[in-house]
Amino acid sequence: MRIDAMYLDRDIYDYSFAKSRWYIHSIFKNSFNLQAETKKKLVVVSIEQKNVVPNGIYVDQHSFKRLTSEIKINDLVWMDRHSLRFGFNILELTGQQYQTRLIETTKLLDSNSVSLLLTSLEKVEKKTGYHESLSSVSVSGDPFLIAIDHLCSSQLIKQRQALQFLIGRGPGLTPSGDDMIVGHLAARFINKNRDQVMESYLGTKLMTVNDLTTDVSLHYLLCSLDQRFNRSIIALISALINDEPSNVQNNIQEILNTGHTSGADFLAGFTRSIKNFTHEKVRI
């Protein structure tokens, strides 16, 4: 049976993989993950479009039920350019496309936007995965946030120690430390402060060392190194750069709704990094 995707990440279509073997990695109520044979890439097939993600493919509920009724963990899936073959079902990548890759801009993050972000989070009591509320992210001396401070350093030795502490640390499909690293990398982009040496070290570590973190989290870390993020993150960055206060508030709430603590952990890493990069002294 042929099934047409409704909505998909443009990167999957533009950089479609050559004929390759994938496997069913995990199955959930509203989504399932495919993992590449190399175990370094994931594709998510879902009916949820509240927060579209890198390598996402979205189908209608009827098609999703059809697919999940005929698959199980470790089943083989063939990917060939713009289609995926699940046994007798073929999923065609023909739907509307969205962008997960950040686009370079000449605009800079101004002090008003930084202040708006910081004051917005001071009102948020939601707990992070390291059990502190976001309201204290600017001033806390928690080891997770100290690690982010070190990651903001220009010294590779401090950055390596921070990554050693953060990668894979915390519970869940995407541990808190990993979500904070994704936030840090997004903050480097928005401040035009990318560090090629640190990124190269992190990328090499993720690609060569096994079992550092979960498969799902590994996928999002690798995507963030490639400047690819969930759409809610891209929307927040756009609102901050374009000084859109009402959108910033809405985007923060949308990110907070991601996972159990994933959104809060991302915002912690993102905001603490921005505070460092804008030279506002962190009180610890």
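Me: Where is glutamine 99 placed?
Reply: Glutamine 99 lies in the loop between β10 (96-98) and α3 (111-121). Helices (H or I, at least four residues) and strands (E, at least two) are DSSP runs, numbered from the N terminus. The model is predicted, so local features need pLDDT of at least 70 and side-chain atom pairs count only at pLDDT 80 or more, while totals for chains, interfaces and linings use all residues. Residues are numbered from 1 along each chain as its sequence is written, and side-chain values use heavy atoms, with hydrogens and water left out.

Me: Why does glutamine 99 count as buried?
Reply: Buried means under 20% relative accessible area, exposed over 50%, partly exposed in between (1.4 Å probe, protein chains only). Glutamine 99 has 17% relative accessibility and therefore counts as buried.

Me: Which residues does glutamine 99 touch, not counting residues up to four places away in sequence?
Reply: Contact means heavy atoms within 4.5 Å. On that basis glutamine 99 touches Arg10, Asp11, Arg231 and Ile234.

Me: Why is strand β4 (residues 31-36) described as largely enclosed by the rest of the structure?
Reply: The description applies because 6 of the 6 residues of β4 are buried. Ser31, Asn33 and Gln35 cover one side, and Phe32, Leu34 and Ala36 the other.

Me: What makes β3 (residues 20-27) and β4 a pair?
Reply: Two strands pair if DSSP finds at least two bridges between them. β3 and β4 have 5 bridges, in the antiparallel sense, and therefore pair. Serine 26 stands opposite asparagine 33 in β4.
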